[in-house]
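User: I have a chain open and want to talk through its packing and surface. Can you take my questions as they come?

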Amino acid sequence: MDQARTTISKIFNGEPHSYTRFNLTQNMEGDNSQVEMKLASDVDEEAGGNGVGDHLNHNTNSNHNRKPHVAQKLGRTPKNLCFMAATTLLIFIIGYLIGYLVHRKKDLAPSCQASVLSLEDTIPRETGAAPLMDWDDVKKLLAEKVTASNFETVFRDFSSETHRAGSQGDEALGNRVVRKFKEYGMKTWSDEHFVKVQDPPASGFNRIVFKNGSEERQRGFVSYSATGTVTGGVLYAHYGQEDDFNLLQDRSINLTGRVMLIRAGRNSFAEKVVNAAKMGAAAVLIYPDPADYRIGDTTELFGHVHMGSGDPYTPGFPSFNHTQFPPIQSSGLPKILAQTITTALAIKIKNQLEGQAAPPSWNSYTRLGDKNDVATVEVNNVLTEKKIHNVFGLIKGFVDADRYVVIGAQRDAWGPGFATSTVGTSILVELARSISDMVKNDGFKPRRSIVFASWSGGEYGSVGATEWLEGYLSSLSMKAFSYINLDGVVQGRNGFKVAASPLLNSLIESSLKEVNSLNKAQSLFNQFAGNSWESNVLEPMKVDNAAYPFLALSGIPSVSFRFVPTNSETIGYQYFGTSLDTQDKLSSVGQVPQLAEIATRFAGHIALRLVHDHLLRMDLAKYDNMLRNQVGLINKKAGAVLRAQTKLSPKALTVKWLISASGSYSRASRRLSEDIKNSNLDDIEMCRSINDRLMTVERNFLSPYASPRENPFRHILLGSGPHTLSALSSHLEAFRADNPEADADLFHNQFALATWTIQGCANSLAGDVWSFNNQIPE
């Protein structure tokens with residue numbers, strides 16, 4: 001192009017750095033048309049234009065006898081006419097070539113892509129659209145980047161003996177993560193939070209005295225326990241599950257004021273304490289039973305008992321510095337004492353218990369204890385404020401850069417925390433390195449962005465992650481479309497478990513089929529799925545899972561997975577929450593680097609599929625089935641209540657509204673599925689519109705009528721609290737049993753709000769307001 005410009009310039013005036021533009025103008029003084037030719041430098045000075053054909057207009061010339069400007073300047077000599085003809089031909093050829101290149105670029109463009117070719121530059125420039133790499137090539141690239149041999153070095157880089165949240169060790173690890181992200185060419189940033197947590201008392205221990213014996217000092221502790229001193233009869237309560245306490249009540253045992261002795265495992269520390277508090281207990285002692293744990297008689301346990309996540313002293317609000325909130329606290333904080341004790345002390349207490357024998361189903365030969373088996377429990381934990389840092393790295397998308405998947409891992413731990421945090425942090429960094437390398441060196445261009453997050457405060461109940469969610473909830477609302485949790489992904493090798501939003505089920509299934517297991521000849525699906533992958537691999541997402549607040553608090557479809565000792569495991573990795581969570585202990589599982597490689601590829605497949613495809617891989621049918629089942633169960637129980645003629649009148653118990661709302665969701669989800677099948681993937685705006693509708697589903701299952709302070713997990717299907725469909729079902733059970741706690745007005749309110757939450761989700765899924773169909777029966 002530059003040579004062509006130089007040639008044209010030389011033809012007319014011999015100036016090598018000028019080129020001509022043509023204005024077809026009509027003289028205002030007459031009707032003769034004229035061709036005005038100006039040098040580019042002249043035009044730039046007059047109008048600042050820089051494009052060929054910028055000044056195409058016609059002027060009327062009143063002087064019919066005036067000679068055209070070109071003729072005046074050059075004359076009508078044969079030589080000049082030849083020059084003009086040659087110039088015209090040359091410009092035509094150049095224009096043809098430019099048109100051909102533009103047309104060819106458009107033909108070669110992939111789906112949902114638009115490219116613009118500058119008229120002044122024959123080299124095509126990116127406009128934000130990403131060429132779509134074949135998915136098989138993406139899988140192959142990831143497999144090449146992620147290797148087990150890398151992990152031994154990465155494990156060493158991110159291992160630390162002391163990195164409790166807010167400590168210097170924790171901050172040093174965070175800085176190390178940031179340096180790695182920068183090394184990979186990623187944009188990095190961090191945010192800090194000032195959170196309140198409970199640490200051990202200044203003396204370093206809490207006290208237990210049993211039957212006027214010697215004082216037992218326990219250095220293990222649980223954060224967020226109530227503090228003080230209580231005395232009561234010890235009562236053995238197995239794992240502290242609701243069924244365990246129901247068995248004790250069935251035996252007419254008075255639980256009020258008792259000190260509960262409870263085994264660790266099966267449910268979280270917080271759930272054990274909540275269940276005990278409901279029964280009127282005064283304190284809870286949690287211990288590792290030798291039947292479940294082989295960690296030694298004197299190993300201390302650490303944990304927390306906040307029935308929630310985040311800083312419990314700023315519920316629903318972010319714990320930024322100098323933020324002013326009223327003096328409130330989470331409803332999930334326990335009102336009773338909680339303390340962990342060693343196996344040795346637990347055995348000492350159990351051997352002296354009297355009272356009834358334990359139920360046969362508990363497979364325990366201990367006595368339950370009576371009121372004379374008195375224990376005094378003293379908890380003096382100290383509430384302190386700590387500054388914690390979350391650090392982030394970004395791989396920016398090429399089409400929808402403002403939409404992103406978040407991949408996160410906990411960085412802190414009570415002790416060495418190798419399985420707790422080191423493995424997850426190492427996988428996070430290796431995944432960031434691999435995908436960054438694919439983008440920089442192999443031509444992979446993700447359509448959407450990927451955010452890598454290293455959280456602090458995980459041991460206190462996903463504090464760092466939850467505070468980030470609360471701080472940026474409005475920004476994340478239609479931006480973050482999925483979360484992948486990397487905490488505790490390697491706990492064993494003989495089983496594989498996944499907890500996730502139902503929207504991600506199909507994506508999880510395909511990833512299981514595409515990622516090979518330790519046995520390279522078979523996939524994870526072939527090894528672990530058995531007759532039904534959903535039965536053998538999927539598990540409910542629990543409140544102590546770091547992905548749970550993303551799902552139930554923020555409405556972001558989330559997934560968490562882990563290798564476990566066996567598919568039927570109940571305890572999992574037994575060194576969690578102890579000082580024995582070291583690389584040597586985890587290595588007893590065998591092939592930890594290889595398992596970390598598989599976990600990295602599994603997480604990578606999910607993330608890359610979400611940022612590669614035109615449309616998000618989300619399965620609407622799963623929630624449709626869940627809603628149908630829940631509504632069907634409620635309808636069945638409502639019929640039983642009506643037949644029993646209890647407190648509720650038939651009119652107050654009509655389920656038609658709820659059934660209709662469920663039907664609205666079903667129709668809207670099927671309609672969107674049809675829109676997806678009939679969509680034109682070349683249309684970027686259509687792709688974005690459909691994806692936005694998919695992203696609203698999870699968020700709109702959050703009840704807008706529940707307070708984030710009182711009920712932070714507002715998801716009506718997967719959350720907890722009176723706003724959920726499971727709470728409606730339980731309330732109907734109370735009516736059928738004629739329980740005095742059943743409240744007709746409260747139930748009617750719950751019922752109406754749940755109905756309109758479902759209807760609102762259906763409306764949002766339908767898209768435009770003229771697509772709604774809210775024909776609620778009278």
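User: How many residues does the largest nonpolar core have, and which have the most contacts inside it?
Analyst: The largest nonpolar core has 169 residues, and Phe452 and Tyr665 have the most contacts inside it. Such a core is a set of buried Ala, Val, Leu, Ile, Met, Phe, Trp, Tyr and Cys residues joined through side-chain atoms within 4.5 Å; buried means under 20% relative accessible area, exposed over 50%, partly exposed in between (1.4 Å probe, protein chains only).

User: Which helix gives the most to this core?
Analyst: Helix H19, residues 592-612, with 12 residues. Helices (H or I, at least four residues) and strands (E, at least two) are DSSP runs, numbered from the N terminus.

User: What is the source of the model?
Analyst: This is a predicted model, where local features need pLDDT of at least 70, side-chain atom pairs count only at pLDDT 80 or more, and totals for chains, interfaces and linings use all residues. Residues are numbered from 1 along each chain as its sequence is written, and side-chain values use heavy atoms, with hydrogens and water left out.

User: What does Phe452 touch?
Analyst: Leaving out residues up to four places away in sequence, its contacts (heavy atoms within 4.5 Å) include Phe181, Met186, Val391, Leu428 and Ile435.

User: Switching to the whole chain: how much is buried?
Analyst: Of the 778 residues of the protein chain, 53% count as buried. The chain has 24 helices and 18 strands.

User: Where is Trp657, and why does it count as partly exposed?
Analyst: Trp657 lies in helix H21, residues 656-677. Trp657 counts as partly exposed because its relative accessibility is 35%.
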